[in-house]
Amino acid sequence: MNNYVTAGGKIYKLREKKIRSKSGATYGSNHVKITVATDYYTGKQIQHDYTGKTNYEVQKKIDSSKCLTDGQLNLIPNNITVNQLVNEYLNYKKGFVNQYSVNSTLGICRNYIFPTIGDMLIKKIKSDDIFKLQAEIFNDTKRISVPPKVFYILKCAFNYACKKGYLSCNPCIKAYIYSSAKRTQSILNKEQIYKLLVTEKDSIYSGLLAIIFLLALRFGEGVGLSWDQVDFEKKIIVISQQIDVKNKLQKSTKTGLDRIITPPEIVFRYLERQKEIQEQQKINNPSWDNPDNFIFTNSKGKHFRRSSVEEYFRKIMDNTSNPSVDIHSLRRTTATILAENLSLNAVQYYLGHLRRQTSVRYIYPSEKGIEHLTKIMAEHFETPFNNAGLKEIYPY
């Protein structure tokens, strides 16, 4: 019996491998690991495992492998563009993540990656190209969160290319995440909240932003909120749908978790006012149509687009002390306020997160919490400080 196979002009000995089937039965198989490339940054070997029930089956897989060409071990011919690689990677990811995440990633690729380096061959991409791309994106959008997302997508896509044998190394290894002037605060202060809820109360977008803030909603959940989700008698609101990144209505939230919220009375005042606004819209526009029964609509009865709301929100924040906050900061601000008075489990439910760790990242140190911490530190350490005579050594 031949216990050897050939690949790239070399002979490899097969090893026995036990495999357990779904029914629980165990059977033997043959496998061999073959080095197809070496990462010249880390020196690590990239190996592929070929397995089969018989020697013939293993040899057949080796002969048909794209990683082994013309009698020598080599990479797959990598005349592949970044566009093709990212699309292949996203098709691969569809089997592991939900469709919302795939659509969100594809939207970032279409807006920032494909128009710039989409037609470049992956073998010509260098670490400097990735950093320059991030810098250009930041200069164009001024959105701090986008360059890191682009870097992460490219890093994962190139990792996938290395595993498939398209590349010997990931160009993102020597690159780094672009960062510019970081925001000093990711939540709204009292001045910004007052301006949003009071000063701008007559704007067509004010009701939407107020509800997002008061209910800690994701933007898609806010624009996708319908009258069917509101019960004025029981004073509850059911968060069960959203508008996705393709501006389509999805009958589920991002995490798939529906939640029932009992909001403060002011929320229902905003909703009553929104009813009056929609009645006026119907009068002013005979073609007004709202088949999905959305609460927040434009003059035609359609839900608001994120770009228009973001532009309006940015103009408001430009007049305050911290213009770097975005719409998602409304949700973080509410989470921080809730955390001062509620348990973390309650905050997690209110925000609709699957994991507590996600809710923790939404909570920022508040002014009240910092003042309380300062008081505690003073009570515990001021007396020992004075008793030790350190006050004379370190005078104010």
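Colleague: Why is Glu 265 called partly exposed, rather than buried or exposed?

Modeller: Its relative accessible area is 43%. Buried means under 20%, exposed means over 50%, and partly exposed is what falls in between, with a 1.4 Å probe and protein chains only. The value for Glu 265 therefore puts this residue in the middle class. Before we go on, this is a predicted model, so local features need pLDDT of at least 70 and side-chain atom pairs count only at pLDDT 80 or more, while totals for chains, interfaces and linings use all residues. Residues are numbered from 1 along each chain as its sequence is written, and side-chain values use heavy atoms, with hydrogens and water left out.

Colleague: How do you know that Glu 265 forms a salt bridge with Lys 235?

Modeller: The closest N and O atoms of the pair are 3.9 Å apart. The rule asks for a side-chain nitrogen of Lys or Arg within 4 Å of a carboxyl oxygen of Asp or Glu, so the pair qualifies.

Colleague: What makes this pair a tie between parts of the chain?

Modeller: Glu 265 lies in helix 9, whereas Lys 235 is in the loop between strand 8 and strand 9 (236–239), so the bridge joins parts that are 30 residues apart in sequence. Helices (H or I, at least four residues) and strands (E, at least two) are DSSP runs, numbered from the N terminus. Lys 235 is partly exposed as well, at 32% relative accessibility.

Colleague: Which residues do salt bridges join into a network?

Modeller: Arg 218, Glu 221 and Arg 259 are joined into one network through shared partners. In one of its links, the closest N and O atoms of Arg 218 and Glu 221 are 2.5 Å apart.

Colleague: Why are Arg 218 and Glu 221 called buried?

Modeller: Arg 218 has a relative accessible area of 9%, so it counts as buried. Glu 221 comes to 1% and is therefore buried too. Another bridge pairs Lys 195 with Glu 200, where the closest N and O atoms are 3.7 Å apart. Lys 195 is buried because its relative accessibility is 17%. The rule gives seven salt bridges in this model.

Colleague: What makes Tyr 92, Phe 96 and Val 97 a patch?

Modeller: They form a nonpolar patch on the surface with about 300 Å² of accessible area together. Patch members need over 30% relative accessible area and no salt bridge, with nonpolar side chains (Val, Leu, Ile, Met, Phe, Trp, Tyr) joined within 5 Å and like charges within 9 Å. The areas come from the Shrake-Rupley method with a 1.4 Å probe, and for residues only the protein chains shown count as cover. Val 97 has 33% relative accessibility and so is partly exposed. This valine sits in the loop between helix 2 (82–93) and helix 3 (99–117).

Colleague: How do you know that the buried residues of helix 2 are on the same side?

Modeller: The buried ones are Val 82, Leu 85, Val 86, Tyr 89 and Leu 90. They cover an arc of only 130° around the axis, which means they share one side of helix 2. That arc is taken from the directions from the helix axis to the C-beta atoms. An α-helix has 3.6 residues a turn, so residues three or four places apart point the same way. The cover over the buried residues of helix 2 includes helix 3 and helix 5 (146–164).

Colleague: Why is Ser 226 called buried, and what does it touch?

Modeller: With a relative accessible area of 2%, Ser 226 is buried. This serine lies in the loop between helix 8 (219–223) and strand 8 (230–231). Leaving aside neighbours within four places in sequence, Ser 226 is in contact (heavy atoms within 4.5 Å) with Gln 241, Asp 292, Asn 293, Phe 294 and Ile 295.

Colleague: Where is Arg 305, and what makes it partly exposed?

Modeller: Arg 305 is in the loop between helix 9 (265–284) and helix 10 (306–318). Its relative accessible area is 48%, so Arg 305 is partly exposed. Not counting residues up to four places away in sequence, Arg 305 touches Phe 219 and Asn 247. The C-alpha atoms of Arg 305 and Asn 247 are 7.6 Å apart, although 58 residues separate them along the chain.

Colleague: And how much of the whole chain is buried?

Modeller: Buried residues make up 43% of the 396 residues, in a chain with 15 helices and 12 strands.
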